[in-house]
Amino acid sequence: MVAVRSPLLARLLACLVALSMMRAAPGLAAPGGGEPVRGGVIHVATNAEPGTIDWQSSTATATRLVAWHIFEGLFALDRNYEVKPLLAQGYAVSPDGLRYTIRLRQGLKFHNGQPVTADDVVASLERWGKLSSGGQETFKAIKQVKKVDDGTIEIDLGRAFAPLITNLGDPKQAAVIMPKSVVEASGLKPATELVGTGPYIFKRWTPGQEIVLARNPGYVSRTEDWGGITGRKVAYADEIDFFPVTDPQVRFSGVSTGQYDLALELPQDLYPKVKADPHLTADIVRVFSWTGVVFNKAHGVFTDQRLRQAVLFAMKPADLMAAAIGPKTFWQLDPGLFFPEQKGVYSRAGAEIYNHQNLDRARALMKEAGYHGQKIIVMSTKDYTWNNNTAQVLVPELQAVGFSVEPQVYDWPTLLSRRAKQDLWDIFLTGFSPSIDPTAIIFFGSTWPGWYKSETLEQELAKWSSTPVSDAAARKKLMDQIQTTFYTEVPVAKIGNYFGLEVYNNTRLHGYTSYFDVRFWNTWVTH
Amino acid sequence: MARYVAGRLAALVPVVLVVGVTVFLLIHLIPGDPAQVILGPDASAAQVAQLRHALGLDRPIYVQLVLWFERVLRGDLGNSIFLRRPVAQAIGEHLGPTAGLTALAEALALAVAIPSGVLAAWKQHSRFDQAFMLFVLLGVSIPSFWTGLNLIAAFAVSIRLFPVAGYVSPARGIGPWLGSLALPAVALAFTQAGLIARMARDSTIDVLAEDYVRTARSKGLDEAAVLARHAVRNALIPTLTVVGTSLANLLSGAVVVETVFVLPGIGNLVVQSISRRDYPVIEGVVLFVALVYVVLNLLVDLLYAALDPRIQYG
């Protein structure tokens with residue numbers, strides 16, 4: 001018998017033996033989650049570190065997926081992407097639709113132990129109205145937000161604005177409630193004191209290493225099974241640790257070995273490997289993002305609507321999506337401004353134009369518009385593989401109908417900076433994360449790069465804003481009109497919906513449900 | 001000697017001045033905006049302008065340069081826009097992992113490179129020498145991130161001997177700390193070992209051809225003694241130059257390896273800061289690294305004198 005003297009060598013041999021045994025018995029995966037278990041730490045490998053965790057200050061996904069464990073708003077989305085109360089008990093609207101009275105749930109407390117009062121709500125909403133683009137838009141209709149008593153606020157409107165409650169529940173730069181003292185200390189800068197009401201408390205942030213949240217023992221949960229970001233929330237795990245791991249292969253290796261319980265945003269070409277491993281579960285996130293060609297409507301050739309339409313007819317979305325994303329499992333050709341899962345706002349208007357490549361029509365529109373070979377600059381980034389891959393196909397497609405194209409590739413911060421200047425570009429490629437209301441669609445705003453101004457759309461959005469949420473038929477008709485305008489005026493040429501790939505280790509993480517971004521309440525670990 | 005050292009240290013002032021101004025201008029001239037990065041891609045121009053004003057980024061660039069330089073001369077590198085702490089503190093916090101990684105990688109590289117280089121010189125044209133040359137070629141040719149990813153696949157995924165990524169502070173135990181640095185250190189050391197070993201081999205071959213080595217052999221000294229007493233010490237002087245520059249190279253190599261292995265070191269800090277356009281941190285780290293380069297070069301020059309009595313500074 002050979003004695004193994006080196007402990008390292010012994011460990012190595014033991015691992016090899018264990019590995020060979022595991023390979024010999026692939027079916028021996030751990031059983032399902034069973035009953036929820038309290039305790040443990042959820043380890044999450046994220047693809048990016050947020051610039052701030054103040055959810056009122058940033059639209060970034062990296063901010064949101066950490067922040068919504070800490071902060072909560074008066075309203076939030078349920079599992080069907082419809083707005084339901086969260087911190088609010090409920091609300092009443094005056095008959096003229098100009099006064100909203102919102103009652104807070106009783107017994108709510110911030111992480112610092114202070115009760116949540118109407119003063120905190122008023123201060124938080126006013127800050128949101130200054131910081132967030134959705135808030136700024138909403139506050140154009142608001143005359144004042146005032147405290148009625150400690151548990152009630154009133155919002156007085158200058159004009160009917162039906163999306164008020166929807167916008168208060170929008171997860172993009174959300175109208176979260178923070179203590180008045182934090183609001184005053186932060187002003188318009190991102191808050192550094194991260195005090196909310198959510199099921200997890202901010203514990204520490206070691207830049208480049210980890211963000212750690214701890215269970216909020218005093219969390220006052222709702223009881224309804226609404227899913228999404230509202231309803232009953234139970235913090236089973238003691239901690240959630242978010243690790244920024246920029247290399248996707250390392251994120252995948254980490255979740256395979258169990259070092260991480262879940263890895264975010266993996267490249268779609270890893271999907272076969274995920275499927276082959278019984279310990280891993282692929283979460284294909286269908287309400288994720290759609291890609292589009294954004295036109296400069298303030299300067300250059302694309303101020304002419306006919307040339308924007310020409311691009312729409314020059315494109316073949318299936319080729320663009322295949323090049324950008326790869327396997328068909330991860331993309332879908334759909335004309336909607338919203339995702340099919342968002343039943344309240346989804347429309348298929350424009351389906352007769354979308355995904356109908358017609359090169360002759362594109363050339364005819366170019367001729368009609370008097371295009372004579374002016375150079376068009378197409379900006380893309382290699383920071384997101386799909387983005388530059390899309391440009392690789394889009395450029396020859398545009399050249400095929402006669403556009404003179406100059407592709408320019410930048411890192412993402414540079415592209416963000418250049419796109420803000422009207423004379424530097426004609427087209428840039430970007431992805432749009434889900435919006436929840438047409439008034440919150442970012443490229444409908446006249447100040448967002450692209451600088452879209454449309455009287456028709458403004459009138460339609462005004463009608464939408466004054467149509468009560470309860471009038472579903474009228475809203476459906478209006479939504480169809482808005483989407484028809486989108487396909488007529490083409491502020492952005494939609495390419496297609498693409499799905500995200502999150503992967504979790506099913507022997508360790510249980511109770512996890514798919515949503516447009518990851519959440520870890522009602523989820524537990526067994527390790 | 002003291003005058004020499006003082007003179008070299010005084011030369012730091014123009015270095016800091018040139019590096020500082022160049023880096024400041026370069027990073028402010030490239031497009032990109034920390035306010036836009038903080039606010040996310042959906043932020044409006046008005047929101048970006050609002051935050052730029054709050055952060056003082058809307059002032060003319062020369063005003064920002066003068067204010068920054070005033071602070072640097074007072075020893076204050078400013079505050080990070082994202083980390084919300086002084087830059088010097090951020091560098092201090094990130095120095096530990098980089099110092100540990102660099103020291104471990106250099107120790108590994110030296111432990112492999114010097115003996116194998118000397119041995120290859122001694123057994124010149126042998127099979128060992130040919131295998132050694134192949135190792136050197138691979139070491140200098142393969143990028144460290146690729147070595148790192150393969151090490152992860154082999155020793156963290158297939159044989160779960162080490163963690164895939166992440167850093168464990170030495171305060172939580174020397175074993176876990178070494179475990180977290182082992183794979184990145186090997187990835188970094190592989191390249192450095194190639195460079196150092198080649199220099200050790202070549203300089204040993206040169207020394208072995210010297211008259212005094214022939215004299216030593218003719219006196220009847222055995223080969224081991226010739227190598228140890230006469231050849232290696234003299235061969236180490238040119239090797240030392242490579243070791244000095246390789247230490248500095250390790251700092252730049254660490255940028256990539258720290259990103260792959262998610263080590264919160266100086267390399268990771270600078271990569272993150274560049275992608276976020278965190279100007280004060282980029283400026284501070286570049287100044288710090290320039291300082292390290294100058295000091296390392298000075299130390300190598302001083303070590304020459306220790307190894308070779310003919311070299312004197314005065």
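Here is a short walk through this predicted model, stop by stop. Residues count from 1 along each chain as its sequence is written, chains are lettered from A and ligands numbered from 1 in the order written. Local features need pLDDT of at least 70 and side-chain atom pairs 80 or more, while totals for chains, interfaces and linings use all residues.

**Stop 1: the sheet in chain A.** Select strand S7 (residues 152–157) of chain A; strands here are DSSP runs of E, at least two residues, and helices are runs of H or I, at least four, numbered from the N terminus. S7(A) pairs antiparallel with strand S5 (residues 99–104) of chain A over 5 bridges (pairing takes at least two DSSP bridges). Click Thr101(A) and you'll find it opposite Glu154(A). Val145(A) has Ile155(A) as its bridge partner, and a hairpin of 2 residues joins S6(A) to S7(A).

**Stop 2: the core.** Pick Val503(A), one of the residues touching the most other members of the largest nonpolar core, which has 221 residues. (A core is buried Ala, Val, Leu, Ile, Met, Phe, Trp, Tyr and Cys joined through C-beta atoms within 7 Å; buried means 20 or more other C-beta atoms within 10 Å, with C-beta atoms placed from the backbone.) Helix H11 (residues 223–261) of chain B gives the most to this core, 18 residues.

**Stop 3: where the chains meet.** Select the contact: 44 residues from chain B and 46 residues from chain A, touching by C-beta atoms, placed from the backbone, within 7 Å. On chain B, helix H8 (144–158) and H11 are among the helices that each supply at least two residues.

Methods:
A residue is buried if 20 or more other C-beta atoms lie within 10 Å of its own, exposed if 12 or fewer, and partly exposed in between; C-beta atoms are placed from the backbone. Two residues are in contact if their C-beta atoms, placed from the backbone, lie within 7 Å.
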